[in-house]
Amino acid sequence: MQNQPEADLVRGIRRWDLVAITINGIIGAGIFGLPSKVYSLIGTYSLIAFVACALVVALIILCFAEVSSRFDETGGPYLYAREAFQPAVAFEIGWLIWLVRITAFAANCNLLINYVSFFWFQATSPLWRASIIVLVVTVLAVINLLGIRQAAIVSNVFTVGKLVPIILFIAAGLFFVKPSAYALGPTPTTGAFSQSVLLLVYAFTGFEMATIPAGEVRDPQKSLPRALLIAIVVVATLYIMIEVVCVGTLPGLGASQKPLADAGSQFLGAAGGAIISAGAIISIVGNLNILLLSGSRLPFAMAEQKQLPAFVGSVHRHFFTPWVSILITAGLMLFLTLKSSFVLALTISAIARLATYAATCLALPVFRARREVPKAMFRLPGGTIVAILSLLLIVWLVRNAPVNEVRATAYATAAGLLIYLAYWLYKKRVNHG
């Protein structure tokens with residue numbers, strides 16, 4: 001094992017692997033719980049909120065499509081910020097994305113235990129909970145250590161596994177919807193509607209994970225824009241139809257803790273709840289794999305740029321994977337999962353993601369104004385206008401975010417700045433010494 005340049009990483013992620021990775025990154029645990037939460041806030045207008053969130057995310061993804069088409073290195077939004085802005089800004093973006101990956105892993109892994117308990121009630125006991133978590137993290141870490149092809153194949157399997165029960169839920173549920181359930185009530189307040197859209201950010205985002213391992217993707221400058229656009233069309237269609245079925249088939253949707261499982265039980269009986277719960281387990285495990293795959297590439301990319309110690313960027317000489325970064329990331333994911341709950345681990349997720357999206361949207365006009373940056377293989381018509389509109393929508397969402405989430409994200413950002421300054425001073429001292 002030794003330090004090796006990024007060129008030694010294997011470009012083992014193919015075009016359709018990347019589409020699967022993108023879909024897997026977006027469809028995690030959120031869609032299995034959020035339909036009822038959004039409905040409880042704004043009723044039938046939740047259908048409009050789903051469409052609105054899809055449009056907001058689609059605009060951001062269009063910005064990602066152009067920016068990502070300029071680069072073929074590992075890093076994703078961290079790389080874009082590094083090229084567009086100052087090193088400190090890039091470090092903060094990388095730090096926040098990495099932190100979101102770790103906290104999202106902890107949140108979803110805790111939720112996984114709840115769904116496993118549908119089939120085996122002892123899963124939530126302290127001993128079995130810890131054992132399942134350790135097993136899941138260990139298996140995923142080993143898969144990612146063994147090679148990028150192995151991780152991509154696992155992603156493909158879980159993508160198919162999660163889409164089948166979702167499509168079955170929609171196809172069967174459409175035969176049982178009640179038109180009267182779609183009657184619109186009083187118009188919700190602007191604050192309630194924007195809060196609903198912000199909640200849905202949890203379910204619609206995660207696409208950026210596909211851009212991070214670009215150094216292991218075949219022809220990423222062409223493959224990434226295509227994968228991002230295909231994924232958002234597929235996911236948005238499925239999500240909107242899921243909400244249509246939930247609203248149309250489940251009385252008391254706003255009070256449901258497991259809306260898809262409860263709705264499935266309404267029109268498919270006990271088997272429906274079991275199918276959806278199994279689908280949730282498959283969906284969550286697939287998402288956990290992508291969280292580890294993408295999250296572990298961030299410290300590697302930051303070490304490549306000398307913003308973290310060089311050993312963090314070590315590439316295994318047999319498996320050609322960033323083994324040190326994988327072990328560090330998996331270890332912290334395991335620790336936080338064991339020590340936290342689903343809700344606690346999600347505290348900074350949405351706001352931190354929106355902050356990193358804003359950086360990439362802002363990078364689009366910055367790159368267009370420069371001649372020395374690589375040429376965009378995908379050029380978005382009216383790209384600057386789309387970037388500005390995306391930034392305005394992000395600001396609108398953040399303004400309506402809960403104060404505790406904004407505060408938690410601010411603390412996380414401050415912690416990242418302290419780490420950056422501490423390592424910068426250390427390097428300066430070593431160099432002078």
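**Nonpolar core and overall form of a predicted model**

In this predicted model, Ile27, Phe169, Phe204, Phe207, Tyr239, Ile242 and Leu288 touch the most other members of the largest nonpolar core, which has 139 residues. A nonpolar core is a set of buried Ala, Val, Leu, Ile, Met, Phe, Trp, Tyr and Cys residues joined through side-chain atoms within 4.5 Å; buried means under 20% relative accessible area with a 1.4 Å probe, protein chains only. Helix 5 (residues 87-116) gives the most to this core, namely 18 residues. When neighbours within four places in sequence are left aside, Leu288 is in contact (heavy atoms within 4.5 Å) with Phe105, Asn108, Cys109, Leu112, Val136 and Leu140.

The protein contains 16 helices and 0 strands, where helices (H or I, at least four residues) and strands (E, at least two) are DSSP runs numbered from the N terminus. Its radius of gyration, taken over C-alpha atoms, is 21 Å, close to the 22 Å that the globule rule (2.2 Å times the number of residues to the power 0.38) gives for 433 residues, so the protein is as compact as a globular protein of that length. Along the principal axes, the C-alpha atoms fill a box of roughly 75 × 50 × 40 Å.

Of the 433 residues, 57% count as buried. Among contacts between residues at least 6 apart in sequence, 84% join residues at least 24 apart.

Residues are numbered from 1 along each chain as its sequence is written, and side-chain values use heavy atoms, with hydrogens and water left out. Local features need pLDDT of at least 70 and side-chain atom pairs count only at pLDDT 80 or more, whereas totals for chains, interfaces and linings use all residues.

Conventions. Buried < 20%, exposed > 50% of the residue type's maximum accessible area, 1.4 Å probe, protein only.
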